[in-house]
Amino acid sequence: MRKGLFIMDENLFEKVYTPDKQREISQYIDIIGKPLTKYNFQEEGNLLKEAEVIFSGWGAPVFDQSFLEKTPSLEAIFYAAGTMKKLLSDEIWERDIKVTTANQANAIPVAEFTLSEILFSLKNGWQLSRWLKEEKNYINGMYQPLIGNYQATAGIISLSQIGRKVTDLLRHFDLNVLAYDPFVNEDEASNLNVELCSLEAIFKHADVVSLHSPLLPETKGMIKKEHFQSMKQNATFINTARGAIVREDEMIEVLQERTDITAVLDVTYPEPPAEQSKLYTLPNVVLTPHIAGSSGNERARLGAFMLEEAKRFTAGEPLQYKITKESYRNMA
């Protein structure tokens, strides 16, 4: 049986690797020490030398040359969280260490959150709730100028892992789905049941626009003032990706002028917004504290995914969520 260690944030450890999952992992991997953190793992040099498998997650150490020098027996890293960008060095690939991540598990709650916001926004839920409180005038929704969830148009920016999950969930509703992704061809879009169009067309024609692009040098500041200015009456913009993809000052400027449109922001830049940011006070902005990703009992799904990967690894089967040098280069 291979020898392993847990190294991650001590406050999140049992939320991700629950006691039952720890017991099951121990049936496949001999866990040779107590859970460690990125702050104290270096004190356990002898254990690190023996470790063939590392189970990690949020609060992971950087797996650089220094770390690898301390773990000469290391064969695999199981990362129960999303992106590993900036955590892996070239030595990982040179040593042919297998790396797998639960980023697909983390995409599930983001897609579910997005679906809930799309459907609620098409009912003009945020706007009408605000008006009802402000005006104390209850007008039955049947007579309200809302869009509704029948043959409305949703726009998805980037058919990333999360974007694709959102489009899959939207198949169950009578909606038209537009998508912007320069790396997806027409055949692939057809299989996803979406219509490809330009970024400008997404904002111009969609009743609700949802952003799912990775934050890369090419996407930083991609969403601009003119995009928001072109939005349809009573349209909604949802961001569960990264705040820096949006030029927030320009967005705020338009939101002040266009009180009919709503921005639902689970992410901002910086995060949280600066103390004097108008995002806190604009009535047509909905702020949530980065809750779209795995939170609450959803975090246990991450550990469950890594348990299944550990079973495949010990059985000599291909890892389902393996990161390659090539995929890591394009990782958000």
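**The largest nonpolar core**

In this predicted model, the largest nonpolar core has 27 residues, and those touching the most other members are I157, F203, L211, I223, F228, F237 and M251. A nonpolar core here is a set of buried Ala, Val, Leu, Ile, Met, Phe, Trp, Tyr and Cys residues joined through side-chain atoms within 4.5 Å, where buried means under 20% relative accessible area, exposed over 50% and partly exposed in between (1.4 Å probe, protein chains only). At least two residues of this core come from each of α10 (199–205), β9 (208–211), α12 (248–257) and β11 (262–265), and α12 gives the largest share, four residues. Helices (H or I, at least four residues) and strands (E, at least two) are DSSP runs, numbered from the N terminus.

M251 touches F228, F237, V246, A263, L265 and L279, leaving aside residues up to four places away in sequence; contact means heavy atoms within 4.5 Å. Apart from this core lies another one, of 26 residues, including L48, L74, Y79 and L88. In soluble globular proteins, nonpolar side chains tend to be buried together.

Helix α8 (residues 161–170) has its own buried residues, namely G163, V166, T167 and L170. They lie on the same side of α8, because they cover an arc of only 95° around the axis, the arc being that of the directions from the helix axis to the C-beta atoms. Their cover includes α6 (103–122), β6 (152–157) and β7 (175–180).

Residues are numbered from 1 along each chain as its sequence is written. Because the model is predicted, local features need pLDDT of at least 70 and side-chain atom pairs count only at pLDDT 80 or more, while totals for chains, interfaces and linings use all residues, and side-chain values use heavy atoms, with hydrogens and water left out.
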